[in-house]
Amino acid sequence: MTDSRARKFPVIVEVRTFLVDGVGCGGDYHNVESGHWLIDSPIATPMSRYEKYRSSRVSWGINVLGSFCVEVEASDGTKGFATGFGGPPACWLAHAHFERFLVGADPRDTNHLFEQMYRASMFYGRKGLPVAVISVIDLAIWDLLGKIRGEPVYKLIGGATRERLDFYCTGPEPVSAKAMGFFGAKVPLPYGPDEGRPGLVKNVEFLRKHRESVGPDFPLMVDCYMSLNVPYTIELAKACLDLNINWWEECLSPDDIDGFEQLKRAHPQLKFTTGEHEYSRYGFRKLIEGRNIDVLQPDVMWVGGLTELLRVSAMAAAYDIPVVPHASGPYSYHFVCSQPGSPFQEYLANSPDGKSVLPVFGNLFLNEPIPTMGYLDIAELDRPGFGLEINPAARLIPANSILSPTPQRSLNSPPRLAYGELKAKQDQVIVNGSTTVGGIFINGG
């Protein structure tokens, strides 16, 4: 008689984190060489209000955290690996806080592990760095699962919905994107509201130049990187109506959800997108319910990982709102090819001049798949996990060698005391005119 019980599955036995030495490698998109278009070309940002921070995004610290990586090892020796942004603080959180939920856990319990990490960090997290750290841990777990099972991640989340993945390109030169075979191009807006009417005029001239370079029908999108406000966006969009802009992206602060309703009311015929800097399904709920966003753009390395991105996608599907993730290389490719509601994917040009196709994560991996002539055959993703092989030449620094003090395991819970003992410990003792509380002297004078 055959044994009908499920086989015993490996559990997580160790979590390791690494920093990336140098620039141009790993999950921090903006930690690149000086002169790279992504940091040193005119790009409107929330800091464009201050003249001294307009010339370079590095000047105000966009790359201050840097890349980090997570490796999760299972009891059978299999290892999952992922990268993202967060640098030393991310490594610290992974060990000092989140590791306790991982060691000894079944890696198949992705929902449970996410919920524990998210809820445990709610008092200081919910958005930003803590959720970005959870995201990378989650991606490493999915990579581990795929490797244990010998399947690509996209096969674990529904399988392929198409045979090839089409891309648009974000970069400084749409004409180059068109020549490289991408179906569309997105450019960063150069000037913000605090640069006045002259800046607005230059924005229109900038976009007109690019529209003329690629012709009237090639999809052209504009990335505003949280730099505008409602009145400015309405005026700019009106001035560009004849340019056939395909969508206006992240015009407003992520917290100005009501502002998107005003934009849509002013220009119902235009498409507005956002979500790159939003976190968790809770952050996307109002964006989805408001129906003022035409395309959602979560970043899988920030939103809460693949586990949370799948939840966002499910909510969006009920409203027929497409989900087109922000960058994230192969992590996004596996998601998009498995989702009917994700029609295509962004490629963020990683070459210094933005005119050639290079791996999104630099030289971190030996075999990162990249689009050719604007598309990628899904068959190229058919490797266990996310299918990425770490480059032995990548300069990874084990974080436990530099974190000081080293994160310690949690202390055991203190023994419960009887009421009398507890009251005695709480009593304040007057010594020479000073008070001691818990052995700490407080000046009584």
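## Helices, sheets and buried spots in a predicted model

Q: In this predicted model, at roughly what angle do the axes of helix α7 and helix α8 cross?
A: Helix α7 covers residues 196-214 and helix α8 covers residues 230-239. Their axes come within 10 Å of each other. The crossing angle is roughly 40°.

Q: Are α7 and α8 parallel, perpendicular or oblique to each other?
A: Roughly parallel would take an angle under 35 degrees, and roughly perpendicular one of 65 to 115. The axes here cross at roughly 40°. So the two helices, α7 and α8, are oblique.

Q: Is the crossing of α7 and α8 left-handed or right-handed, and which residues of α8 make the contact?
A: The α7/α8 crossing is right-handed. On the α7 side, the contact uses R197, G199, L200, N203, V204 and R208. By class, the contact has 5 nonpolar, 2 polar and 3 charged residues. The α8 side supplies Y232, E235, L236 and A239.

Q: Is L236 buried or exposed?
A: L236 sits in helix α8. Buried means under 20% relative accessible area. L236 has 1% relative accessibility, so it counts as buried.

Q: Which residues does L236 touch, and what separates its C-alpha atom from that of V204?
A: Leaving out residues up to four places away in sequence, L236 touches L189, L200, N203, V204, L228 and W248. L236 and V204 are 32 residues apart along the chain. Their C-alpha atoms are separated by 7.5 Å.

Q: What is the order of the 4 strands in the open sheet, and which are the edge strands?
A: The order runs β3-β2-β1-β12, with antiparallel pairing. From one strand to the next, the twist averages 30°.

Q: How many bridges join β2 to β3, and what is the bridge partner of E71?
A: Strand β2, residues 67-74, runs antiparallel to β3. The two are joined by 7 bridges. For E71, the partner in β3 is F81.

Q: Which helix packs on the sheet?
A: The helix touches β1 (12-20), β2 and β3. Its direction makes about 150° with that of β3. It spans residues 129-149 and is helix α4.

Q: Which residue of β6 is the bridge partner of K186?
A: Strand β5 (residues 185-188) pairs with β6 in the parallel sense, over 4 bridges. In β6 (residues 220-223), L220 and V222 point one way, M221 and D223 point the other way, and all are buried. The partner of K186 is M221.

Q: How do α10 and α11 lie against each other, parallel or perpendicular?
A: Their axes are 9 Å apart, and the helices pack at about 20°. Under 35 degrees counts as roughly parallel. That makes α10 and α11 roughly parallel.

Q: What is the make-up by class of the contact between α10 and α11?
A: The crossing of α10 and α11 is right-handed. From α10 come S280, R281, F284, R285 and I288, and from α11 come E308, R311, V312, M315 and A316. By class, that contact has 5 nonpolar, 1 polar and 4 charged residues.

Q: What is the phi of S280?
A: S280 is in helix α10, residues 280-290. With 1% relative accessibility, it counts as buried. Its phi is positive in a residue other than glycine, near 65°.

Q: Where is A327, and what is its phi?
A: A327 lies in the loop between α11 (305-317) and α12 (329-338). Its relative accessible area is 1%, so A327 is buried. Here too the residue is other than glycine and phi is positive, near 40°.

Q: Which residues is N31 in contact with?
A: N31 is in the loop between β1 and α1 (37-40). With a relative accessible area of 11%, N31 is buried. Neighbours within four places in sequence aside, its contacts are G22, V23, G24, N63 and G66.

Q: What percentage of the residues count as buried?
A: The chain comes to 13 helices and 15 strands. Among contacts between residues at least 6 apart in sequence, 70% join residues at least 24 apart. Of the 445 residues, the buried share is 54%.

Notes
Residues are numbered from 1 along each chain as its sequence is written. This is a predicted model: local features need pLDDT of at least 70, side-chain atom pairs count only at pLDDT 80 or more; totals for chains, interfaces and linings use all residues. Side-chain values use heavy atoms; hydrogens and water are left out. Axes are lines fitted to C-alpha atoms, for helices over the stretch in contact, and angles run from 0 to 180 degrees between N-to-C directions. Angles under 35 degrees count as roughly parallel, over 145 as roughly antiparallel, 65 to 115 as roughly perpendicular and the rest as oblique. A crossing is left-handed if the near helix is turned anticlockwise from the far one by less than a right angle, and right-handed if clockwise. Contact means heavy atoms within 4.5 Å. Ala, Val, Leu, Ile, Met, Phe, Trp, Tyr, Cys and Pro count as nonpolar, Asp, Glu, Lys and Arg as charged, and the others, Gly among them, as polar. Two strands pair if DSSP finds at least two bridges between them. Buried means under 20% relative accessible area, exposed over 50%, partly exposed in between (1.4 Å probe, protein chains only).
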